[in-house]
Amino acid sequence: MNTHPRDILNLLSKLSVQRFANASLVWLSYYWSRMRGKSWHPAFPISISIEPTTSCNLRCPECPSGLRSFTRPIGMLEQEFFRSVIDDVSKKVLYLTFYFQGEPFLNPGFLEMVSYAAAKKMYTATSTNAHYLDDETAKRTVESGLDRLIISIDGTTQETYEQYRIGGKLEKVLEGARNIVKWKKNLNKTRPYVVFQFLVVKPNEHQTEEVKKLAREIGVDDVAFKTAQVYDYENGNTLIPENEKYSRYRKQDDGTFALKNKLLNHCWKLWHSCVITWDGTVVPCCFDKDADHKMGNLKELNFQSIWKNDAYQSFRRSLMKSRKEIDICKNCSEGTKVWAD
């Protein structure tokens, strides 16, 4: 992904002395831990993801929200709780992603939460299927201070788009993108930085060049190609693309498929980021979609207590000992994303 210098400068503008010092300590502790084979983490994460809701209007395959297959509670992030979390972490955390599972714009207080984090000078980002970006919501989104808006598009024709985004309408996505671009111009704003995210699967892999053209026509800032996580991949899957460049998996001589990622016994995510569910549970990363690995709950403890507790330290040590034995790591794509040229 060719991130525009303007967006990089915007991110860097959010760096305070405390955030820079924290990020430096994260980097140092990660590489120290890798070299020594021991877990040491004296800092806060650089980024966190927080979940506005688990609800979604679409029914995408390979997605717990779409499949309605969660084993954990479904609900909405509450504003008062959100503000307490941000007050706790904002001095050191630089990057805030409003996404884990679900469609963020279904939460009625979503944009107010964005504005609150933006007022703390955090870099804010979200990912959406763009079905709720009507004219008024697009205007409020631009006014909220959101820094990055990722729009999932996954097809340049309705026929292709709906093969993965089941229940979705491509024209709604394009209308939402146009609304955002229009209001950026009308309000003389450079933010949010708008990215078309194209999840490459077999039904749409022939449209990778078309989506770049479509993005230019609409005025979208960037295009990102993302590889798809497939749960049952060993014997092949109708979603795995033919072009291995866009796949998390490689075909073996016997016709079966294997994960490209070598799953070495270290993971940058466990040092620089974490995920908070809508109801306050802290989990190690975005691959723990059902929040099975609960590190603690922010409605009971503050963030630092959870981030440095025995459960988190034990998880990091287990990963550094044998990552392949951890269930959420077995289908992990860390380091295998493909970005647009």
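Strands (E, at least two residues) and helices (H or I, at least four residues) are DSSP runs, numbered from the N terminus. Strand S2 (residues 95-98) and S3 run parallel and are joined by 4 bridges; two strands pair if DSSP finds at least two bridges between them. Residues are numbered from 1 along each chain as its sequence is written, and side-chain values use heavy atoms, with hydrogens and water left out. Because the model is predicted, local features need pLDDT of at least 70 and side-chain atom pairs count only at pLDDT 80 or more, whereas totals for chains, interfaces and linings use all residues.

On its other pairing, strand S3 (residues 123-128) is joined to strand S4 (residues 148-152) by 4 bridges, and these two strands also run parallel. Here Thr-126 stands opposite Leu-149 of S4. In a regular strand the side chains alternate between the two faces of the sheet. In S3, Tyr-123, Ala-125 and Ser-127 point one way, while Thr-124, Thr-126 and Thr-128 point the other way. Buried means under 20% relative accessible area, exposed over 50%, and partly exposed in between, as computed with a 1.4 Å probe on protein chains only. By this criterion 6 of the 6 residues of S3 are buried, so the strand is largely enclosed by the rest of the structure.

The open sheet contains 9 strands in the order S6-S5-S4-S3-S2-S1-S9-S10-S11, with mixed pairing. Strand S6 (222-227) and strand S11 (296-297) stand at the edges with a single partner strand each, so one side of each is left without a neighbour in the sheet.

From S4, the parallel arrangement continues to S5 through 5 bridges, and Arg-148 stands opposite Tyr-193 of S5. A further 6 bridges join S5 to S6, and this pair is parallel as well. Val-200 has Thr-227 as its bridge partner in S6. Strand S5 is mostly covered, with 8 of its 8 residues buried. Tyr-193, Val-195, Gln-197 and Leu-199 point one way from S5, and Val-194, Phe-196, Phe-198 and Val-200 point the other way. Helix H9 (residues 208-218) lies across strand S5 (193-200) and S6, and runs at about 165° to S5. For this angle, axes are lines fitted to C-alpha atoms, for helices over the stretch in contact, and angles run from 0 to 180 degrees between N-to-C directions.

Leu-199, in strand S5, has a relative accessible area of 10% and is buried. Leaving aside neighbours within four places in sequence, Leu-199 is in contact (heavy atoms within 4.5 Å) with Asp-154, Tyr-164, Asn-204, Lys-226, Thr-227 and Ala-228. Tyr-164 is 35 residues away from Leu-199 along the chain, and the C-alpha atoms of the two are separated by 9.2 Å. Ser-273 lies in strand S9 (residues 273-276) and is likewise buried, with a relative accessible area of 10%. Not counting residues up to four places away in sequence, Ser-273 touches Pro-45, Ser-47, Pro-284, Trp-307 and Tyr-312.

Rolling a probe the size of a water molecule over the atoms shows where empty space is left. On a 1 Å grid over the protein atoms alone, a cavity is a set of points where a 1.4 Å probe fits but cannot get out, a pocket is an open set with protein on both sides within 12 Å along at least five of seven lines, and lining residues have an atom within 4 Å of a point. Grid points are joined across faces, edges and corners, and a volume is the space filled by probe spheres set on the points.

The structure holds 2 cavities of 30 Å³ or more. The largest cavity contains about 60 Å³ of space, and its lining includes Cys-267, Cys-285, Cys-329 and Cys-332. The second largest cavity has a volume of about 30 Å³, and Val-200 is one of its lining residues. The second largest pocket holds about 330 Å³ of space. Of the 17 residues that line this pocket, Gln-229, Tyr-231, Phe-287, Asp-327 and Ile-328 are the closest to its centre. Ile-328 also lines the largest cavity.
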